[in-house]
Amino acid sequence: MTNKNLEYDFKWCPGCGDFGVRRALEFATLERNKRLDLPMENNVVVAGIGCSGNLVHLLEGAQPYGFHGIHGRSLPIAMGVKMARPELNVVVVAGDGDFLSIGAEHIAPQATRNLNACAVVMDNGVYGLTKGQSSPTTDLGEVTSSTPFGKPEDSLDPFELYMAIGVSFIASSISSQVRELAKLIGQAMDHPGFSIVHVQSPCTTYNDTYEVLKGNVKKGIEPLAYTLPESHDASDKESAYRVIRSPGVPLGVIYRDQRPTLQQRMQQIHGKATLRTPDQLLDVYDL
Ligand SMILES: Cc1ncc(C[n+]2csc(CCOP(=O)(O)OP(=O)(O)O)c2C)c(N)n1
Ligand code: SF4
Ligand SMILES: [Mg+2]
């Protein structure tokens with residue numbers, strides 16, 4: 001008998017990076033459930049639309065609550081879930097198009113609120129599901145199905161954006177390092193506040209970046225991805241900026257800031273408010 005969740009076994013292309021991200025999310029969720037003695041029902045995965053959005057269900061065993069929402073609107077949905085059920089672990093899974101293009105306007109509000117939720121962004125530098133159009137992270141000049149003469153826009157640096165808008169936990173990873181990615185997702189879930197794990201998750205069909213990221217000794221290609229040294233102080237903003245402004249793709253926690261979450265601030269406000277009856281509320285209108 002198989003444990004596999006055949007009903008939701010989405011058919012990604014062979015070698016798609018999203019397989020590794022799903023496995024890592026599964027490991028991180030199971031580890032957290034065990035450590036905190038919580039059932040799988042304590043977890044909610046909110047997904048957008050895209051190949052990445054099909055990560056809303058895990059491969060095996062018990063399933064978290066899954067919300068396969070609307071393209072670009074995973075963060076507002078996540079906020080609604082967290083407001084209604086603050087005790088749940090809310091995880092957003094989104095693509096680079098989903099999160100940084102149509103959904104970009106929703107990132108800063110959650111960063112400034114410090115919503116206690118974790119976003120796992122699968123960056124393949126392309127719109128995979130809709131057949132290879134350019135995305136915000138596609139390089140300038142890249143030929144794609146929507147830019148046959150080369151992309152005319154500069155590529156967006158997601159880490160500059162996350163730092164500038166005050167995301168309180170920022171990590172970077174690659175989908176092929178499943179165990180390390182699982183650890184980072186676990187830390188992001190534990191972080192009290194808004195956390196983003198930005199994952200290089202190559203699209204083998206439209207933008208295969210494995211070789212560039214991991215390197216190829218035989219071809220003399222140096223890897224772009226490198227593990228952040230232990231000496232990196234993620235609590236220091238200057239160090240974080242130095243990392244993201246240096247060449248290469250860092251792997252690890254880039255930045256971490258401890259400040260009150262939206263929920264904690266709301267509790268303080270609730271503590272100040274006095275309960276009033278409907279009559280008292282109507283009295284202010286001098287009817
Ligand atoms: C409101 C809306 N606009 C556009 C689309 C079409 N659409 C679906 S997925 C997608 C882009 C997917 O790219 P990305 O978010 O990077 O995910 P990937 O498939 O690469 O994982 C687009 C434009 C849609 N479904 N809904
Ligand atoms: S098109 Fe790209 S992102 Fe989509 S399943 Fe295939 S390899 Fe993965
Ligand atoms: Mg994409």
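Tutor: Both faces of strand 5 are covered in this predicted model: Phe169, Ala171 and Ser173 are buried on one side, and Ile170, Ser172 and Ile174 are buried on the other. Buried means under 20% relative accessible area, exposed over 50%, and partly exposed in between, with a 1.4 Å probe and protein chains only. In a regular strand the side chains alternate between the two faces of the sheet. Because 6 of the 6 residues of strand 5 (residues 169-174) are buried, this strand is largely enclosed by the rest of the structure. Strands (E, at least two residues) and helices (H or I, at least four) are DSSP runs, numbered from the N terminus.

Strand 5 pairs in the parallel sense with strand 6 (residues 195-200) over 6 bridges, and Ala171 has Val197 as its bridge partner there. Pairing requires that DSSP find at least two bridges between two strands. Strand 8 (residues 249-256) runs antiparallel to strand 5 and is joined to it by 4 bridges; in strand 8, Tyr255 is the bridge partner of Ile170.

Helix 6 (residues 178-190) contains Leu181, which is buried with a relative accessible area of 0%. Apart from neighbours within four places in sequence, the contacts of Leu181 (heavy atoms within 4.5 Å) include Ser173, Ile174, Val197 and Val199.

Residues are numbered from 1 along each chain as its sequence is written, and chains are lettered from A and ligands numbered from 1 in the order written. Local features need pLDDT of at least 70, side-chain atom pairs count only at pLDDT 80 or more, and totals for chains, interfaces and linings use all residues, while side-chain values use heavy atoms, leaving out hydrogens and water.
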